[in-house]
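Let's walk through this protein together, one question at a time.

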Amino acid sequence: MYLKNLDKVAVTFFLFIFLIIFGFTYFQIQSHHWSSGKPFDLTSIYNSLLIVSGYYQEFRDLPSFTQFFLHGSIYKLVSFLDTDIPRNIEIYLNSDNKDIVIQKLFIISRYLNSFFYFIFCVYFFKLLNFYKVNKLFIYLSILFLFTIDSIIYGLTRIRPDVLCILFFTLSYYNLLLFFKIKKINLLFLSGLFLFLSLMAKIQAILFFPLILLNIIFNIKKIKKKDLNNFNYKFDLKIK
């Protein structure tokens with residue numbers, strides 16, 4: 001669970017953040033038609049349908065594959081509950097009211113985007129808490145994030161930026177845990193999340209120096225005898 005091992009104050013704080021993020025999204029999309037958004041919103045929906053239909057994505061600039069894959073997978077899951085949601089691009093093309101379909105996909109993607117921002121806040125907290133930063137400062141830092149124009153803009157658009165940052169944060173956090181508790185599965189997860197970050201937005205490569213500094217700083221602490229104490233049992237639970 002994402003809120004596992006958090007104290008009552010932290011849980012209450014994140015419930016508050018959850019209400020802020022999803023409350024903002026709910027009220028904002030009530031008067032926000034998909035056609036009033038940026039072109040990339042529709043590009044994202046279209047390419048997500050392509051991916052889930054087994055086709056190659058047409059938009060590859062970022063490359064945004066992580067976003068398209070996750071959004072398309074959720075579309076497919078929701079289609080079992082709502083018959084208006086297409087499971088693939090062919091069903092969409094044969095639908096009678098494409099405007100309603102696109103609007104529903106747009107709303108799903110917006111809520112997904114908000115969910116990713118919420119999870120980022122949780123792991124941003126865990127990352128700073130790992131370094132024993134004062135919790136009051138962490139809470140204020142998270143609140144400050146929502147005063148930044150790019151964050152507010154990201155909450156109103158369907159963009160891969162949040163996934164890039166989220167998966168990099170997860171990669172970095174699992175790498176820290178790996179050096180702390182020496183479980184090999186954490187190294188695997190760190191690599192996987194780093195890959196997903198790059199596949200969301202190639203600009204994640206700009207964060208690589210943080211990974212390298214982390215490795216260089218911690219590798220000096222590992223003695224040869226410690227290598228024999230690594231836990232090679234695979235446990236894929238996300239900490």
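Buried means under 20% relative accessible area, exposed means over 50%, and partly exposed lies in between (1.4 Å probe, protein chains only). This is a predicted model, where local features need pLDDT of at least 70, side-chain atom pairs count only at pLDDT 80 or more, and totals for chains, interfaces and linings use all residues. Residues are numbered from 1 along each chain as its sequence is written, and side-chain values use heavy atoms, with hydrogens and water left out.

Q: How many helices does the protein have?
A: Helices (H or I, at least four residues) and strands (E, at least two) are DSSP runs, numbered from the N terminus. The pattern along the sequence is α-α-α-α-α-α-α-α-α-α. With zero strands, the secondary structure comes to 10 helices.

Q: Is Phe 124 buried or exposed?
A: Phe 124 lies in helix α5 (residues 98-130), four residues from Phe 120, which is about one turn of the helix. The relative accessibility of Phe 124 is 19%, so Phe 124 counts as buried.

Q: What kind of aromatic pair do Phe 120 and Phe 124 form?
A: Rings of Phe, Tyr and Trp (its six-membered ring) pair if their centres lie within 6.5 Å; planes under 30 degrees apart count as stacked, over 60 as edge-to-face and the rest as tilted. The whole structure holds 19 aromatic pairs. For Phe 120 and Phe 124, the centres are 5.8 Å apart and the planes are at 35°, making the pair tilted.

Q: Which helices does the pair of Phe 125 and Tyr 139 tie together?
A: Phe 125 and Tyr 139 are stacked, at 5.8 Å centre to centre and 10° between the planes. Phe 125 is buried at 2% relative accessibility, and Tyr 139 is buried at 11%. The two parts are 14 residues apart in sequence, so the pair ties together helix α5 and helix α6 (residues 135-145).

Q: How are α5 and α8 oriented to each other?
A: Axes are lines fitted to C-alpha atoms, for helices over the stretch in contact, and angles run from 0 to 180 degrees between N-to-C directions. Angles under 35 degrees count as roughly parallel, over 145 as roughly antiparallel, 65 to 115 as roughly perpendicular and the rest as oblique. Here the angle is about 30°, with the axes 9 Å apart. The two helices, α5 and α8, are therefore roughly parallel.

Q: How are α8 and α9 oriented to each other?
A: Helix α8 (residues 161-181) packs on helix α9 (residues 184-200) with axes 8 Å apart and an angle of about 165°. Therefore α8 and α9 are roughly antiparallel.

Q: How many charged residues are in the contact of α8 with α9?
A: Contact means heavy atoms within 4.5 Å. Among the residues that meet are Phe 167 and Phe 178 in α8, and Leu 187 and Phe 193 in α9. Ala, Val, Leu, Ile, Met, Phe, Trp, Tyr, Cys and Pro count as nonpolar, Asp, Glu, Lys and Arg as charged, and the others, Gly among them, as polar. The contact has 17 nonpolar residues, four polar and, as for charged ones, none.

Q: Is Asn 113 buried or exposed?
A: Asn 113 sits in helix α5. Beyond its neighbours within four places in sequence, Asn 113 is in contact with Gly 154, Leu 155, Arg 157, Arg 159 and Val 162. At a relative accessible area of 1%, Asn 113 is buried.
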